[in-house]
Amino acid sequence: RDAFERRRNLMVDGLRSIPGVSCRMPEGAFYAFADVRGLYGLPFKGGEVKSDLDVAMWLLHDAHVASVAGTPFGAPGYLRFSYACSEDDIRAGIEAIQRARRAAG
């Protein structure tokens with residue numbers, strides 16, 4: 001329980017540190033559900049990010065970070081990030097997203 005609490009806090013704090021992303025503290029499960037609508041408009045593949053599906057593809061392509069878009073689950077504008085992994089993996093993923101975000105402007 002303590003390990004997952006640390007991972008949850010690390011994930012949520014990391015996501016909150018990314019401009020354009022907000023995230024409430026989850027009360028259960030093993031994932032954070034982040035509002036990524038603030039990333040809409042970022043450049044991607046000759047166009048721009050216009051949806052959570054686009055953000056998920058941008059993250060996969062530019063940051064090599066996998067997430068699950070909220071639209072298929074009735075939550076457009078949100079992405080799900082699992083923290084059922086090591087703290088090192090969470091840190092690496094957050095750092096990769098931060099780098100991609102800085103590079104995108």
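**Ground rules**

I am working with a predicted model, where local features need pLDDT of at least 70, side-chain atom pairs count only at pLDDT 80 or more, and totals for chains, interfaces and linings use all residues. Residues are numbered from 1 along each chain as its sequence is written, and side-chain values use heavy atoms, with hydrogens and water left out.

**Entry 1: the sheet**

I began with the strands. Helices (H or I, at least four residues) and strands (E, at least two) are DSSP runs, numbered from the N terminus. I found an open sheet of four strands in the order E1-E2-E6-E5, with antiparallel pairing. E1 and strand E5 (68-69) stand at the edges with a single partner strand each, so one side of each has no neighbour in the sheet. Two strands count as paired if DSSP finds at least two bridges between them.

I then looked up the bridges. E1 and E2 run antiparallel and are joined by two bridges. Ser22 is opposite Asp35 in E2. E2 and E6 also run antiparallel, with five bridges between them. There, Ala32 has Phe81 in E6 as its bridge partner. A reminder to myself: strands of a sheet pair through backbone hydrogen bonds.

**Entry 2: helices on the sheet**

Axes here are lines fitted to C-alpha atoms, for helices over the stretch in contact, and angles run from 0 to 180 degrees between N-to-C directions. Contact means heavy atoms within 4.5 Å. Helix H1 (residues 2-16) lies across E1, E2 and strand E6 (78-82), at about 15° to E2. Helix H2 (residues 52-63) lies across E5 and E6, at about 40° to E6.

**Entry 3: helix against helix**

How do the axes of H2 and H3 cross? The axes of H2 and helix H3 (residues 87-104) cross at roughly 100° and come within 9 Å. That makes H2 roughly perpendicular to H3. Angles under 35 degrees count as roughly parallel, over 145 as roughly antiparallel, 65 to 115 as roughly perpendicular and the rest as oblique. On the H2 side I listed Trp58, Leu59, Asp62 and Ala63, which meet Ala96, Ile97, Ala100, Arg101 and Ala104 in H3. By class, this contact of H2 with H3 has seven nonpolar, no polar and two charged residues. Ala, Val, Leu, Ile, Met, Phe, Trp, Tyr, Cys and Pro count as nonpolar, Asp, Glu, Lys and Arg as charged, and the others, Gly among them, as polar.

Next came H1 and H3. Their axes come within 10 Å and cross at roughly 5°. H1 and H3 are therefore roughly parallel. Residues of H1 that meet H3 include Leu10, Met11 and Leu15, and those of H3 include Ile90 and Ile94. The contact of H1 with H3 has five nonpolar, two polar and four charged residues.

**Entry 4: pocket and cavity**

On a 1 Å grid over the protein atoms alone, a cavity is a set of points where a 1.4 Å probe fits but cannot get out, and a pocket is an open set with protein on both sides within 12 Å along at least five of seven lines; lining residues have an atom within 4 Å of a point. Grid points are joined across faces, edges and corners, and a volume is the space filled by probe spheres set on the points.

The largest pocket has a volume of about 230 Å³. Which strand gives the largest share of its lining? E2 does, with four residues. The lining has seven nonpolar, one polar and three charged residues, among them Arg24, Tyr31 and Tyr78.

I found one cavity of 30 Å³ or more in the whole structure. Its lining is Leu15, Ile18, Val21, Val36, Leu39, Leu59, Phe81 and Ile97. By class, that is eight nonpolar, no polar and no charged residues.
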